[in-house]
Amino acid sequence: MKLSRCFTTEDFRKLARRKLPDPMYHYMQGGADDEWSKTNNETAFAKYELLPQTLTGVENIDMTTELLGAKLSMPVYLAPTGMSRLFHHDHELGVAAAAQKFETMYGVSTVATASIEDIAKACPGPKLFQVYALKDRGLTRELVARCKAAGYTALCLTVDTPVAGNRERDLVSGMTLPPKFTPASLLSFALSPEWVYRAITGGGFEMVNISHWVKGDQKGGVAAYINEQFDRSLTWKDAEWLANEWGGAFAIKGVMTPHDAIKARDHGASAVMISNHGGRQLDCVPAPIDMVAPIRDAVGDSLELIVEGGVRRGTDALKALALGANACSFGRPYLYGLAAGGQAGVERVLGLLQAELERDMALLGCKNITDISKRHIQKSR
Ligand SMILES: Cc1cc2nc3c(=O)[nH]c(=O)nc-3n(C[C@H](O)[C@H](O)[C@H](O)COP(=O)(O)O)c2cc1C
């Protein structure tokens, strides 16, 4: 299958599957434990139906929206995902350039394989930096200072990761520390010659924004350092400390309850990402889409709400907005595009989504993002 024949998320996933060695594919695709939450994130959207309002005059559709103080061309942006070089040699710089082209926001992970500054050059537009607050607060301070200097729009603190989730696919595929090669994984590398060639000739797998903090004698390198550095002692006080250290638009990523959304607001956040990390952390938690209405009811207009997890279609985004979200983000769909075709693959994913959203808004009878409301949605019967 060629990139130009990919139309749905599933098409991009299939092409990514063919291009990637097993360990990389399963690292991208996998969820925690039984992957119940990962699957439920997607299927939960089917519990809702859209209610079109007809004859509303939809000749001009304006999908622009404001989020975290930035203007976006559409209410969907690219969620932070670590280590993009695992999936394609275009890595974060290709994703950043695609986000720039489509005038939406790019979320950059703490464990990116391109530098904060190089990504800022590839994406002068809106960009969000995602922080894992690690035990080394000096490192967090340094990351914040670099993001300020490079002109990042907003910062988010991921709070669903006091420890790494249990991703059993990684154990089977050998995506462990140190990596374990099995006959099956070696065969899959042999079947991904382009990926292997680029890996041998180009490298670039380092988590460049934090690698200089890793001491030379540290066993297992940067990945082991990160695992050891997840800070289980983190509390709301630390979140408030980070909000003050940053001093700009600040979000908490990984909020799943009205209680935590209120806490986030009271400790300096202007937005929360309703997220279970794509089902990669605690399994058996609700789907983010199911938590939008209760969280909106609890916080009123005092917080921006972002839905993250299982968003695959323009209609998914419209459902999230109708339930009370300000915007959505997605992870795996653009990573499938990246693995399938580098920057061009991410651009194709964004282009199809943008066209779909525009068409769906017209069909729903909404000219502007602010037109989308509760009267456009009902629970399936
Ligand atoms: C391969 C991969 C890596 C991720 N890395 C990070 C990360 O470094 N930091 C973070 O806060 N979230 C990370 N996430 C979670 C995403 O930000 C987002 O919550 C998730 O992908 C949304 O679900 P979706 O993939 O169903 O769209 C990662 C997700 C994936 C799939």
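Which residues is Phe87 in contact with, leaving aside its neighbours within four places in sequence? Contact here means heavy atoms within 4.5 Å, and the list runs to Leu20, Met24, Tyr27, Met28, Gly82, Trp195, Leu335, Leu338 and Ala339. The model is a predicted one, so to speak: local features need pLDDT of at least 70, side-chain atom pairs count only at pLDDT 80 or more, and totals for chains, interfaces and linings use all residues. Residues are numbered from 1 along each chain as its sequence is written, and side-chain values use heavy atoms, with hydrogens and water left out.

Phe87 also turns up among the residues with the most contacts inside the largest nonpolar core, alongside Tyr106, Phe129, Tyr152, Phe250, Ile252 and Ile289. That core has 105 residues, and α15 gives the most to it, with 13. A nonpolar core is a set of buried Ala, Val, Leu, Ile, Met, Phe, Trp, Tyr and Cys residues joined through side-chain atoms within 4.5 Å, buried being under 20% relative accessible area with a 1.4 Å probe and protein chains only. A second, separate core of 15 residues includes Leu67, Ala249, Ile306 and Ala327.

The structure holds 1 cavity of 30 Å³ or more (on a 1 Å grid over the protein atoms alone, a set of points where a 1.4 Å probe fits but cannot get out; lining residues have an atom within 4 Å of a point). About 140 Å³ of space lies in the largest cavity, the volume being the space filled by probe spheres set on the points. Helix α15 (332–364) shows up again, supplying 5 residues, the largest share of the lining.

How values were computed: 1 Å grid on protein atoms, 1.4 Å probe; cavity = no way out; pocket = protein on both sides within 12 Å on 5 of 7 lines; lining within 4 Å. Helix = DSSP H or I, 4+ residues; strand = E, 2+ residues; numbered from the N terminus. Buried < 20%, exposed > 50% of the residue type's maximum accessible area, 1.4 Å probe, protein only.
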